[in-house]
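Subject: Handing over the structure

Hi,

Here is the structure I promised to pass on to you. Please open it first and keep it beside you as you read my notes.

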Amino acid sequence: MNIVEKILARASGKSQVAPDDVVFAKVDKVMVHDVSGPGVLKVFDKLKNKGVDVSKLWDPTKVWVAEDHFVPSAEKVSAENIVKLSNFTKNYGIEKHFKYGMGQYGICHTLSHEEAMVMPGDVYVGGDSHTNTTGALGAFACGLGHTDIAYVLLNGQIWFKVPETDYFKLNGKLPDHVMAKDVILKIIGDIGTDGGNYRTMQFGGSGIDEMSVESRLTLCNMTTEAGAKNGIVEADQKVVDYLSSRGATNAQVFKGDDDAKYANIYEYEASEMEPLVAKPFSPENVAVVREAPSVELDKSYIGSCTGAKYEDLEAVAKILKGKTVKIRTEILPASISIYKRAMENGLLTIFLDAGVTVGPPTCGACCGAHMGVLAKNEICISTTNRNFPGRMGHVESETYLSSPMVAAASAVTGKITDPRDLQ
Amino acid sequence: MKGNVVKYERDNIDTDVIIPGQYLKVHDYAELATHAMEGLDPDFHSKVKESDFILSGKNFGCGSSREHAPIALSHSGVKAVLALSFARIFYRNSVDGAFLLPIEIEEDAYKGIAEGDEIDIDVSKNEITNLTKNQTYKMKPFSDIIGKIIDAGGLFNYKP
């Protein structure tokens, strides 16, 4: 069995599973945030009206909560949702609630790795589509809606059809100035936004072995944009070391069997990769940066679970050091822990000296909700994951998705720029 | 199940246009309905009627896990979405929450059914009849688990 089949077999108490089997899998960890949490509570209300007992969760120690989409609250509905979320964790005895304004908090998918919330081999579900991110730790990590999360919270398990797995093999080491974001954009450009639908996208090969855990997180994050059920990388010693450096001492190497089967194998040469963008209005609309349209940008956005991890900010700092931005540029570290490291290591000074505004962790602008949305006809280059119409603001605004290095180089020139071409 | 069709002849209708991100904070189902399809068709709310169906191309509902998407459509009166294919989370949210039926169709139905046509969906026969044009098309049968959850009226009523 491959790693996903092994995880789902273990979680459903079976010795063997195969693609298309339907299993009820026991869940090891579940996450809700300030959008899905109130959504789940709404489901609880409906159930209560039908006489279902919703007074206790199956296991509050396996549940954790993030505040990320609508913090800091821009208006009262968002503020009330945070109050609802706080009451939820209090009433149900959930201890792991990362609260805005109280130490460590940030984007849920970032906390999943920064706080070592998920272990290799886990079944981890979250009320957010980018839950796929955390598959980089060797877990089966999958996004679900409010009804499904409510079901998990009450029953501790959920149904899955065992997915077919496509294996994306990266050979060799990525050249300088090419990042994991470029690799996943290349893949989505090739297979399309439904190329992974209902399937697992697994990443491996010497290029992945070579990659940091944070780069692997970027790959798995955007498997969602290919429609995948989950993205995954087998957990090697790097993952174990990464998690133990964050206080999790029980993580173990976890891989598929030697005779694991894959539906399709795609092979990529790292040396042939180069900086890419996804043009409006789809993540599959991929172009080489050097051949991208020569548009006047209004904004560069460096944030989100996809593109504001510590490693991303370090790459941005290399580009921005000693430079001045030509367009409105915002950098929002994805968690407070990352923010703090960026401060301690001088990155924030580099950003501020370049003229950038540094903001608090939030999903706000990435999903067009608040904290810097785009006006009509504005054009943005962004390290985020989606560029559908209206995604980051006005329905007639445009977003180009790129790596942090490309977004930083473009901030300096005001045009879509390959970091290799920056003087 | 009879109703009229609202047709969007395009692929990849994503959750950001079905219900834009700024409304994710809203959990009042009736209010969400007033913003359904706002990113693509601001007139949708005024033109859609109870028991209508949406007809569209490939990968309907791609994007986010927001259950707001099937909720907004369902509370606008939409009983089923007919599409060439669906993104997985939208599909599963529609079924597990018993909001609407996600019905996979073939090219003949996609091409044959026009905006405003009255159709009759017979899930027991996996058949769609276009009453306006007097044509019949096959729908893709629901898989075993999906059929059972639909019959039960959603995941919470389903006994494994």
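Below are the notes on what was found in it.

First, some ground rules. This is a predicted model, in which local features need pLDDT of at least 70, side-chain atom pairs count only at pLDDT 80 or more, and totals for chains, interfaces and linings use all residues. Residues are numbered from 1 along each chain as its sequence is written, chains are lettered from A and ligands numbered from 1 in the order in which they are written, and side-chain values use heavy atoms, with hydrogens and water left out.

**Where chain A meets chain B**

Chain A brings 50 residues to the contact and chain B brings 39 residues, with contact meaning heavy atoms within 4.5 Å. About 3,600 Å² is buried between the two chains, and 58% of that lies on carbon and sulfur atoms. Buried area here is the accessible area (1.4 Å probe) that two parts lose on being put together, summed over both.

Three salt bridges are found across this interface; the rule asks for a side-chain nitrogen of Lys or Arg within 4 Å of a carboxyl oxygen of Asp or Glu. One of them joins the side chains of B:Asp16 and A:Arg391, at 3.3 Å from N to O. There are also 20 residue pairs in polar contact between chain A and chain B, both residues being at pLDDT 80 or more. A polar contact is a pair of N or O atoms within 3.5 Å; within protein, one must be able to donate a hydrogen and the other to accept it, and residues adjacent in sequence count only if both atoms are side-chain atoms.

Which elements of chain A give two or more residues to the side that touches chain B? They are strand S1 (22-26), helix H2 (36-49), helix H3 (76-92), strand S6 (140-143), helix H5 (146-155) and strand S7 (157-161). Helices (H or I, at least four residues) and strands (E, at least two) are DSSP runs, numbered from the N terminus. H5(A) gives the most, with seven residues. By type, this side of chain A divides into 23 nonpolar, 16 polar and 11 charged residues.

**Inside chain A**

Chain A is divided into domain 1 (21-162), domain 2 (164-274) and domain 3 (276-417), with bounds that come from an automatic or database domain assignment. The centres of domain 1 and domain 3 of chain A, taken over C-alpha atoms, are 27 Å apart. Their contact takes 18 residues from domain 1 and 19 residues from domain 3.

The area buried between these two domains of chain A is about 1,500 Å², with 64% of it from carbon and sulfur atoms. On the domain 1 side, A:Tyr105, A:Ile107 and A:His130 supply 33% of the area buried against domain 3, more than any other three residues. The interface between domain 1 and domain 3 of chain A has zero salt bridges, but 12 residue pairs in polar contact, both at pLDDT 80 or more. The domain 1 side of it is made up of seven nonpolar, nine polar and two charged residues.

**A few residues to look up**

A:Ser402 is in strand S18 (residues 398-402) of chain A. Why does A:Ser402 count as buried? Because its relative accessibility is 0%, and buried means under 20% relative accessible area, exposed over 50%, and partly exposed in between (1.4 Å probe, protein chains only).

Most residues other than glycine have a negative phi, and most peptide bonds are trans. Here are some exceptions. The peptide bond from A:Val71 to A:Pro72 is cis, with omega near -10°, and A:Pro72 lies in the loop between strand S3 (63-66) and H3 of chain A. Another cis peptide bond joins A:Pro280 and A:Phe281, with omega about 0°.

A:Ala116 has a positive phi, near 50°, and is buried at a relative accessible area of 12%. B:Ala98 also has a positive phi, near 55°, but is partly exposed, at 46%.

Best wishes

Definitions and conventions. Ala, Val, Leu, Ile, Met, Phe, Trp, Tyr, Cys and Pro count as nonpolar, Asp, Glu, Lys and Arg as charged, and the others, Gly among them, as polar.
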